[in-house]
Amino acid sequence: MKLVTAVIRPSKVDDVKEALKSAGVLGMTVTEVQGFGRQLGHTEIYRGAEYKVDLIPKVKVEVLADDESAQRIADAVAAAAQTDSVGDGKIWLTEVAGVMRIRTGERDDDAI
Amino acid sequence: MDTGDAAWLLISSALVLFMTPGLALFYGGMDRSRNVLNMLMMNFWCLLIVPVVWVIVGYSLAQSGDGAWLGNLDAAFLDGFDISGEDGGFGLLVIAFLGMFAVITPALISGAVADRMKFSAWALFVPLWLVLVFSPVFKWVYGGWMGDRGVLDFAGGTAIHVNAGIAALAAVLVLGKRKGWPEEGHRPHSMPLVMLGAGILWFGWFGFNAGSALAANGQAVQAFMNTFLAAAAAGLAWAIVERVRDGHFTNLGTASGIVAGLVAITPAAGFVSGMAPIWIGLATGVICSYAVNLKAKAGYDDALDVVGVHLVGGLIGSLAVGLFANPDFFGGEFMAGLFYGGGMRLFGEQALANASTMVYSFVVTFVIMLALKATIGVRVSDDVEDTGLDLAEHAETAYSTGSASVTRN
């Protein structure tokens, strides 16, 4: 099993959600996060003073997947989140040692 | 100058000024968090530009002289108005009081164009609209051809709410829909701001309506009571409709009902009495709670329901004057409504006045928007709409977190 983690533009959340549904994904976890990459931050101005804000808002999407579908899901997220300009974000896969559905006690692939 | 009248009008003027920040919060709370500052700034822009334009030329075009269609320029630059005259400055006070109305009228339109209008386009739209639409219509109603025909508009149902409401429709037709509307929900980001804004509007509206008696007299008292009752009745009606239709008493329904009721009683406040404000309020709450759903069916993106609340509410109130106006009660020289022996004549005049206002305001607003679109453009880029107007247009953010990572250049 794998955990697909994507950090994307906030404006792309709806597109990614639709793409995941089309890819047959039944659940996702979304977190509002802040960070920076090559896009760097932005500048705000208060009473003439410029403030450099390094950490800008992004959305982190996490999806659990079995080994076969993980790459396909990552590709679907990438396709939906792409705008071709700097700041589109990143996707990575991590190994997951075990999964359990709390209500039923089902484990691993059955719990995804 | 009667000091009692002056005291009440001074207070009323300040009350009406406070409505514009109240409106800003009412709209700002309904907006998404990335656009709330832009909404506040659109409203505060009216507080900056309108007073200046108003004393230079706006008031003069709206009130000076006997013209049926437009005022003259005799009162431009406040010419002839100061505290040394016979009226002791009361005329100057009236200009200030009416100036507060001039501020909030274009501000009402901001709710329709929310989330996607370039601020530079809004900055130009406001003074253009004030001079080309607000001032002429104001003259028609107060001292022009409508007034001569006996049209009644106590505090600005036709001149302000119908006028701004139909202008909002024209503006969004040129501007286009928000990205993702109507498929994506655009839910309010802060309901407490909406409720606070509605409360401030109600508070300020006592100055708007009761102040429009331009005196501390019985008519002001009646207008005050009518404002109190109509807002409550309309909020009640809207909330009950939602409870029956959708299952819950909602904050947004309550706030919207209160504002719709205030709009509807505005033209009627000094002409009706007794239980009339309750009937007007109840009718408005029910009708407007359905009118705000028209936009989805008709396909125009009036973001925060300026059409459904201000145009529809203003029309209901203005037509209700044709039913409930009671000159005997006020000892006044105006036509009676249908229920007080006046027949349908006043109702017909009210309908004509509102129809004329709608045609003129729609056409001229549409042309102003087209002209802005052809020159500087009226709409922000897709990127800006995605990331929010606060940062792109104003270089500010409403709710900052993570202050540890901020450095000052």
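## A tour from the chain contact to a helix

Begin where the two chains meet: 15 residues of chain A and 13 residues of chain B make the contact, where two residues are in contact if their C-beta atoms, placed from the backbone, lie within 7 Å. On the side of chain A that touches chain B, the elements giving two or more residues are E3 and E4 of chain A. This is a predicted model, in which local features need pLDDT of at least 70, side-chain atom pairs count only at pLDDT 80 or more, and totals for chains, interfaces and linings use all residues. Residues are numbered from 1 along each chain as its sequence is written, while chains are lettered from A and ligands numbered from 1 in the order in which they are written.

Next, select the strands E3(A), E4(A) and E1(B), which in that order form an open, antiparallel sheet; strands (E, at least two residues) and helices (H or I, at least four) are DSSP runs, numbered from the N terminus, and two strands pair if DSSP finds at least two bridges between them. Strand E3 (42-46) of chain A and strand E1 (406-408) of chain B stand at the edges with a single partner strand each, so one side of each has no neighbour in the sheet.

Five bridges join E3(A) to E4 (residues 49-53) of chain A, and here A:His42 stands opposite A:Val53. Between E4(A) and E1(B) there are three bridges, with A:Val53 opposite B:Val406.

Finally, move to helix H10 (residues 276-291) of chain B, whose 16 residues should span 22 Å at 1.5 Å a residue, which agrees with the 22 Å between its end C-alpha atoms; the expected span is 1.5 Å times one less than the number of residues.
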